[in-house]
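Please open the structure in a viewer and keep the selection tool at hand.

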Amino acid sequence: FYAVYRGEKMSDCDNAPHGLGRAIKVTALALILAFILMTVGTIGSDEDVDALDANGNPVVTSSITHGTVANYTYSPVGQGGQWDVDITITASTGYVVPEDADFTVYMGNTRVTYEYSTSSSRSIAYLYIDGVTQDLEVTGSCVEMASVTIRVTAGSTTSTSSDEVPGIAYSERLPSRTGYDYPSSVTITRNGSTMSSSGYTYSSSTGYVTINASQMTEGASITISATYVAETYSVTGSVTHGSLDYTGTPTYGQSYTINIDPDNGYDYPDRVTVTMNGSTTTNYSYNSETGTIRINSVTGAISVTATCGAATYSITYHDGNSTLSLNPNRYTYGVGCTLPTNVEKENYIFVGWRTADGADIESISRTTYGDVDLYAVFIDDLSNENLGGTQMMYYIVAVLAIVGMVGVAYISRK
């Protein structure tokens, strides 16, 4: 420094005042060593720098549509004022970063290349640029995701939507619904137009839908519509002294009616037991006067158990246009009854009972069923002292007529 100050050569330091030349040399060597150590320390440092420092480290600016530069880091390389720069770009909600390196990066006025990779979901892009000597500017656009809506009708209609990465085949299983089977086919629209069957595959046995990658374009709006088929079930039963009568097929979620038909001589059961899917249910109503069972909402295979009891019928006793109050006035199928004989009518003798078709009857058999009408048969009481002369004369004439007819017949045969 002394020599420089004097405008002399470094070798002239020996001409400096006594002892000063040696001090100058030692100081110069110390400064040179310190500079070397600082440079080596800087070269060996891997510490990332997140902000512009006073030494002019590069700055990354960006203009990303539907995305942003989340952060960048840089590391100096050697002593030539170069850096390796890592840039992280995050896509906005509903968007993904490009599949390929579609961002543009300028270093000053020069467009530079870079290494490019993405996260598996393509929500983040990673750019690596080496040999950076100036500020960087990144421009580009993130890609709008494809929207897929699954609309299911199974009794009621429900919808679920999701954003999907464009350019990648979409595969999803339709949601299961209790009491319903997957439909035999589905309808898929893309941006309002029906998609050709060549654009997707569907399995009615598994419910899986796969949409080809070519259909999953940027911003595509895709709707999968599926109308499920309600399950149908069987009807079985065990009705003692009767049978079940029903039409149609029980269908999940719908009401269903079953009638009990008693055998002849039997009545509707007082109660029934109904099971669905093997379990006893109370999800029904029963009318014991009509034998009608109404299932409120079918949930499985139906089974009915019931016992029809022997029916009881009425007996009506008639005397001409009048009815007689006699007992028994009812009888039970399988038991029958004996008809009354102590029937009294003034001036008449009770002979017996006849049916409406004129057949004589003394009792109702155990195999008879149905309401019964019986008609009393009387004859005049000839021993009655109160009979009038005219009535007596009629009897005498009738008897004589009968005797005469018998006599004529006898003589004719002779």
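The stops below cover backbone geometry and then salt bridges.

The model is predicted: local features need pLDDT of at least 70, side-chain atom pairs count only at pLDDT 80 or more, and totals for chains, interfaces and linings use all residues. Residues are numbered from 1 along each chain as its sequence is written, and side-chain values use heavy atoms, with hydrogens and water left out.

**Backbone geometry**

As background, most residues other than glycine have a negative phi, and most peptide bonds are trans.

Select histidine 66 to begin. Histidine 66 is not a glycine, yet its phi is positive, at about 60°. Histidine 66 sits in the loop between β1 (60–65) and β2 (67–77); strands here are DSSP runs of E with at least two residues, numbered from the N terminus. With a relative accessible area of 35%, histidine 66 is partly exposed. On this scale, buried means under 20% relative accessible area, exposed means over 50%, and partly exposed lies in between (1.4 Å probe, protein chains only).

Next, select asparagine 327 together with proline 328. The peptide bond from asparagine 327 to proline 328 is cis, its omega being near 0°. Proline 328 belongs to the loop between β30 (322–324) and β31 (330–332).

Then move to asparagine 347, in the loop between β32 (337–338) and β33 (348–354). Asparagine 347, a residue other than glycine, has a positive phi near 70°. Its relative accessibility of 32% makes asparagine 347 partly exposed.

**Salt bridges**

How many salt bridges does a search of the whole structure find? The search returns two, where a salt bridge is a side-chain nitrogen of Lys or Arg within 4 Å of a carboxyl oxygen of Asp or Glu.

Select lysine 345 and aspartate 319 for one of them. In this salt bridge, the closest N and O atoms are 3.4 Å apart. The pair links distant parts of the chain, 26 residues apart: lysine 345 lies in the loop between β32 and β33, and aspartate 319 in strand β29 (residues 312–319).

Finally, select aspartate 360 and arginine 354. These residues form a salt bridge with closest N and O atoms 3.0 Å apart. Aspartate 360 is exposed at 62% relative accessibility, while arginine 354 is partly exposed, with a relative accessible area of 38%.

Technical notes. Helices (H or I, at least four residues) and strands (E, at least two) are DSSP runs, numbered from the N terminus.
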